[in-house]
Amino acid sequence: MRYRLTFVIGAAVGYVLGARAGRERYEQLRKGAQRVAQNPAVRNTVESAAQNGRAIASKVFERAADRVGDRLPPSVGERVRSLREQRAADEDEWGTSNT
């Protein structure tokens with residue numbers, strides 16, 4: 001409940017401050033965010049973090065699969081395999097996502 005209240009208060013404060021700042025300030029913030037997002041160093045860092053996250057998730061999945069073993073229902077195992085195959089098809093030759 002405390003987190004919801006914090007979120008609602010934060011959203012209300014953001015709305016009030018955003019309404020007072022106006023459209024011009026919004027456009028300035030949006031352009032600044034675009035410049036940061038287009039920065040090659042930022043993009044490389046984000047891509048590295050994504051690759052590390054995928055590698056860690058893969059290791060965690062393998063460990064969990066070893067511990068759980070054959071206790072998973074066959075339908076769950078099939079679904080996990082199909083999702084992994086779909087994910088592998090989405091990667092390009094650099095091993096990154098196409099997004």
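Does Arg30 count as buried, partly exposed or exposed, and at what relative accessibility? In this predicted model, Arg30 counts as partly exposed, at 32% relative accessibility. The legends below take up the whole chain and then a series of close-up views.

Figure 1. Read along the sequence, the elements follow the pattern α-α-α. Of the 99 residues in the protein, 3% count as buried, and the protein exposes about 9,000 Å², of which carbon and sulfur atoms supply 58%. The mean pLDDT is 79, with 86% of the residues reaching 70 or more. Confidence is highest in helix H2 (residues 40-68), at a mean of 87, and lowest in helix H3 (residues 74-89), where the mean is 75. Where pLDDT is low, the predicted coordinates should not be read in detail.

Figure 2. Whereas a straight helix of 37 residues would span 54 Å at 1.5 Å a residue, H1 spans only 36 Å between its end C-alpha atoms.

**Figure 3. Close-up of the salt bridge between Glu27 and Arg30.** This pair forms one of the two salt bridges that the structure holds, and the N to O distance between the two side chains is 2.7 Å. Glu27 and Arg30 both belong to helix H1 (residues 2-38), and because they are three residues apart in that helix, they are separated by about one helical turn. An α-helix has 3.6 residues a turn, so residues three or four places apart point the same way. Arg30, with its relative accessibility of 32%, counts as partly exposed.

**Figure 4. Close-up of the salt bridge between Glu47 and Arg54.** The closest N and O atoms of Glu47 and Arg54 are 3.5 Å apart. Glu47 counts as partly exposed, at 25% relative accessibility, and Arg54 likewise counts as partly exposed, at 23%.

**Figure 5. Close-up of a nonpolar surface patch made by Leu5, Ile9, Val13 and Leu17.** Together these four side chains make a patch of about 380 Å². One of the contributing residues, Leu17, lies in helix H1, and at 53% relative accessibility Leu17 counts as exposed, because the cut-off for that class is over 50%.

Key:
Residues are numbered from 1 along each chain as its sequence is written. This is a predicted model: local features need pLDDT of at least 70, side-chain atom pairs count only at pLDDT 80 or more; totals for chains, interfaces and linings use all residues. Side-chain values use heavy atoms; hydrogens and water are left out. Helices (H or I, at least four residues) and strands (E, at least two) are DSSP runs, numbered from the N terminus. Buried means under 20% relative accessible area, exposed over 50%, partly exposed in between (1.4 Å probe, protein chains only). Accessible areas come from the Shrake-Rupley method with a 1.4 Å probe; for residues, only the protein chains shown count as cover. pLDDT is the predictor's confidence in each residue, from 0 to 100. The expected span of a helix is 1.5 Å times one less than its number of residues. Patches are made of residues with over 30% relative accessible area and no salt bridge: like charges are joined within 9 Å, nonpolar side chains (Val, Leu, Ile, Met, Phe, Trp, Tyr) within 5 Å.
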